[in-house]
Structures are given as structure tokens and as C-alpha cells.
Amino acid sequence: MSEQIDIEQHDQLIAYLRDTGRIARDETPACRTLTGGVSNRTVRVERASGEAWVLKQALGKLRVKVDWFSDPARIHREALGLQHLATLAPPGTITPLIFEDPPQHLLAMAAVPQPHENWKTVLLAGRLEAGHIEQFAGILAAIHRRAAESRRPLREIFDDRSFFESLRLEPYYLYAAEQVPEASDFLNQLVADTRARRLTLVHGDYSPKNILVREDRLVLLDHEVIHWGDPAFDLGFALTHLLSKAHHRRDPRFVRAAVQFCDVYSTAVGPLYWNQNLQAMAARHTVACMLARVAGRSPLEYLDPRQQRAQREWAVAAARTPSTHVRDLIDLMWTLIPT
Ligand SMILES: Nc1ncnc2c1ncn2[C@@H]1O[C@H](COP(=O)(O)OP(=O)(O)O)[C@@H](O)[C@H]1O
Ligand SMILES: [Mg+2]
């Protein structure tokens, strides 16, 4: 077995690419470590030909303040995600897989060409565009609906949920349940109900941070938590990013964007899937994620302590009287950002 390399050591990375025949012996690509992620090393490699890759190597211990571990073998799940999402998501949304090396816990995909911007940065600067929200909802609906329609063999391929457990249910919901006893029953019941729902492909990390905007088109990254499960998780997770930004910026446009997101998603996914169960579960996951992003292992860094307390109180109150429709829950945001 070859020695474990660290791709952030660019000399090691170049030697590895040469030894494995990925590049010529005399080729010296330009390497640049990318920031923004917490669970992987990410390096952009630009070859003399102009072709550019992004190499991703999974970490066993995540780069967050509290201890948080996850098996780096999950990089193989991400490679499977890249391959299958390419056929499910709208064209151009998914970066092509170049190669995978499971023993090194790494993969290479095509780099998104410059110029591009991270959508989280764009949103935090207050640059909110209806066309981006429309794509954000449309991409998710396409994945959920097409995967549900094709079912086999996707269900078997993505059956394992151990990474969803270790990267989402434990650090977000179960950890928050320990920190916030008033919401522990709500969160524990939601975990049990989520585990019982096996409906379609769930991305598991559907966040603006994992989206690049290039020429006004959204490109989706970071598929290591993908699994067959409860699509309402993606809705709650995604809505939490819009609503927490509404809260942080005290900006009603982000609440309206959350409404638009639901409208576009519901139309695109269709009435068969946009049923009462999905709407009620989406409302519960939104409450749980709003709480987890202030009381879980991965708190949102842009909320100040006062906002964190307010969001926690808002979510605890919402957990006491669950909304049956996600749209009703979004309306409750007006109590957090008075107009
Ligand atoms: N294919 C790509 N092209 C350009 N930039 C990328 C690509 N993949 C990742 N990145 C950059 O690296 C960052 C981290 O990648 P990501 O897949 O989200 O890793 P993590 O799992 O660590 O969050 C992204 O936010 C993005 O800025
Ligand atoms: Mg990421």
C-alpha cells in the first residue's frame, strides 16, 4: 500500500500525481489550497494545458472548535454522488469526476472555471437574486423527484446512512438535544422519524456555502453526506440558511426568498411529492436546523451572541407548537425580524 499523502503539501501532491501517472513525470502543475470547507483538504491543480482540477481529501477529524470525527472513507460516497447527480441534476450543475483514489481518501473533479463566486459570500453581501433562488429550488426538486422516480439501483447504492448519522443527526440534532433540554423531546422524535423515512436521494449538505455561481448559473459541490432518506431534511437545511441570513441581516427579502424557494420547489417536484407529510416534515427540520445552527456542533459564525439567543428562543417556541406547513413556519420569521 502506498504511503498516505497530505495534498496540502504541494510537493507531496505533485510527486503523487506523477507517480500515479495522472500527470507526466516532468510536469509541474500550479497548486493552490482552497479554503472554506471544514471536513476536507481541497487543492486546485492547474496543468500547463490550462486544464484545472480540484482535489479533495477527506479528513478523519473535522476542522471545527469541538471534537468531531468521521470516517474518511466517505470520499467514496462523494465520488458516487458526483457520478449519479450528474444525471439527476440539471446540465452543468455538477462538476465531472476525474478520478478517485479510495486508499488515499481523495478524488479529483473538474474545477469550476474562474471567475466564479461562492454563493454564501454573495448572499451575506446582500446580493439576493430571484434567479438564483429559483435555481436553488429547481436543482433540489430535480434531484429529489428524478431519484424517487428511478428508485433502483439508487436506493441500494446510497442505502448506507452512517455519514448522515455522524455528520448530521449526531452533531446537529442529538448534540443540540443535549444542549437545549426544552427541545430534546422534539429533536429526538424528529431523529426517529427521519430514520424511518426512506423516500429518495437526499443531498444532506444543501447549503449556499456549497454552491458556486458562475455566469449566473449555480454549481453544486460537496456530496459526502448524500444518502437515501428524507428529502424534507434538505428543505429544512436549505431554508435555515435563507432564514438565518434574514435574521442576521434583518432583511425581509430573505424571508420572501424562503417563500419563493418553497413555491418553486413545490411546483417543480409536483403534487405527488409535495404532500402534507413532506410539508410538515420540512417545517420540523427547519425548526431543528435553526436550533442546531446556534446550539449544535457547527454554529453559524455570522450570528452574534444576541442573535444566537434570539434564534434559540424562536426555535424552542416553534418546537412547542409545530407548524403543519412549512409556509406557516416561515411566517413566524416576522416575530424574529419585526418589520
Ligand atoms: N470543483 C471545484 N471548483 C472550484 N472550487 C471548488 C471545487 N470544489 C471545491 N471548491 C472550493 O473548495 C471549497 C471546499 O469544497 P467542499 O467540497 O465544499 O469541501 P468541504 O467538504 O470541506 O466543505 C468550496 O467552498 C469551493 O470554494
Ligand atoms: Mg463544503
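**View 1. The exposed residue Glu-215 in a loop between two strands.** Glu-215 has a relative accessible area of 64%, and because this is over 50% the residue counts as exposed. The structure shown in this and the following views is a predicted model. Glu-215 is placed in the loop that runs between strand E8 (211-214) and strand E9 (217-220). Its phi is positive, at about 50°, although Glu-215 is not a glycine. Most residues other than glycine have a negative phi.

View 2. Asp-222 is found in the loop between E9 and strand E10 (227-229). Phi of Asp-222 is near 70°, a positive value in a residue that is not a glycine. Is Asp-222 buried or exposed? With a relative accessibility of 14%, Asp-222 counts as buried, because the value is under 20%.

**View 3. The shell of residues around ligand 1.**

View 4. A polar backbone atom of Val-112 is 2.8 Å from a nitrogen atom of ligand 1. For Ala-110, the distance from a polar backbone atom to a nitrogen atom of the ligand is 3.0 Å. An oxygen atom of ligand 1 is 3.5 Å from a polar backbone atom of Val-38. Taken alone, ligand 1 exposes 550 Å², and the protein buries 93% of that area.

**View 5. The cis peptide bond between Gln-114 and Pro-115.** Gln-114 and Pro-115 are joined by a cis peptide bond, with omega at about -5°. Most peptide bonds are trans. Pro-115 is found in the loop between E5 and strand E6 (117-118).

**View 6. The largest nonpolar core.** This core has 100 residues, of which Tyr-173, Leu-187, Leu-201, Phe-261 and Tyr-265 touch the most other members. Which helix gives the largest share of the core? Helix H10 (residues 276-295) does, with 12 residues. The core draws at least three residues from each of domain 1 (10-110) and domain 2 (117-335).

**View 7. Two residues of helix H4.** His-132 and Arg-145 are both shown here; His-132 is found in helix H4, and Arg-145 is found in helix H4 (residues 130-150). His-132 has 4% relative accessibility and therefore counts as buried, the value being under 20%. Arg-145 is partly exposed, with a relative accessible area of 31%. From C-alpha to C-alpha, His-132 is 17 Å from Val-112, at a sequence separation of 20 residues.

**View 8. Gly-236, a buried residue of helix H8.** Gly-236 is found in helix H8 (residues 231-249). At 0% relative accessibility, the glycine counts as buried. Gly-236 and Arg-25 are 211 residues apart along the chain, and their C-alpha atoms are separated by 48 Å.

**View 9. Arg-306 in helix H11.** Arg-306 lies in helix H11 (residues 305-320). With 46% relative accessibility, Arg-306 counts as partly exposed, because the value falls between the 20% and 50% limits. C-alpha to C-alpha, Arg-306 and Asp-230 are 32 Å apart in space, and they are 76 residues apart in sequence.

How values were computed
Residues numbered from 1 in each chain as written. Chains lettered and ligands numbered in written order. Predicted model: local features only at pLDDT ≥ 70, side-chain atom pairs only at ≥ 80, totals over all residues. Heavy atoms only, no water. Polar contact = N/O pair within 3.5 Å; in protein donor to acceptor, adjacent residues only side chain to side chain. Areas by Shrake-Rupley, 256 points an atom, 1.4 Å probe, with all protein chains shown as cover. Core = buried A, V, L, I, M, F, W, Y, C linked by side-chain atoms within 4.5 Å. Buried < 20%, exposed > 50% of the residue type's maximum accessible area, 1.4 Å probe, protein only. Helix = DSSP H or I, 4+ residues; strand = E, 2+ residues; numbered from the N terminus. Domains from an automatic or database assignment.
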